[in-house]
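Subject: Structure handover

Hello,

Here is the structure we spoke about. My notes follow it.

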Amino acid sequence: MMDNRAQFYKKLKKKLKKDTSFPAKYLFKFIVPADEERINQIEKLFDHTGAVINKTSSKTGKYTSVSILVVMKKADDIIVKYMEAEKIEGIISL
């Protein structure tokens, strides 16, 4: 049986291939605990990509929403970024 993440990526890849002509601008959205180290880890994933990164603190200040707009060459590259991001403790991909 495939785990949920694998299923999620399979569906995402299918949707991207159907709806997107690459290269294309893609918006990644993550929520992380408001911790400078974790936010830096996300930003590092997109170093040297020309990404536009916006950060917004939650009302309580416990979490930070990180939006990253970046040109991606193909669906697989997007999947890889999500998989890399998943390794950051406490991250939620939207």
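Lysine 81 is buried, at 14% relative accessible area (buried is under 20%, exposed over 50%, partly exposed in between; 1.4 Å probe, protein chains only). Its partner in a salt bridge is glutamate 84, with the closest N and O atoms 3.7 Å apart; a salt bridge here is a side-chain nitrogen of Lys or Arg within 4 Å of a carboxyl oxygen of Asp or Glu. Both residues lie in helix H3, three residues apart, about one turn of the helix (helices are DSSP runs of H or I, at least four residues, and strands runs of E, at least two, numbered from the N terminus). Glutamate 84 is partly exposed at 29%.

This is a predicted model: local features need pLDDT of at least 70, side-chain atom pairs count only at pLDDT 80 or more, and totals for chains, interfaces and linings use all residues. Residues are numbered from 1 along each chain as its sequence is written, and side-chain values use heavy atoms, leaving out hydrogens and water.

The salt bridges come to nine. One of them joins aspartate 76 and lysine 13 at 2.8 Å, N to O. Aspartate 76 is in helix H3 (residues 75–86) and lysine 13 in helix H1 (residues 4–19), so this pair ties together parts 63 residues apart in sequence.

Another pairs glutamate 89 with arginine 38, at 3.8 Å between the closest N and O atoms. Glutamate 89 is exposed at 59%, whereas arginine 38 is buried at 18%.

Lys15, Lys18 and Asp19 are linked in a salt-bridge network.

Regards
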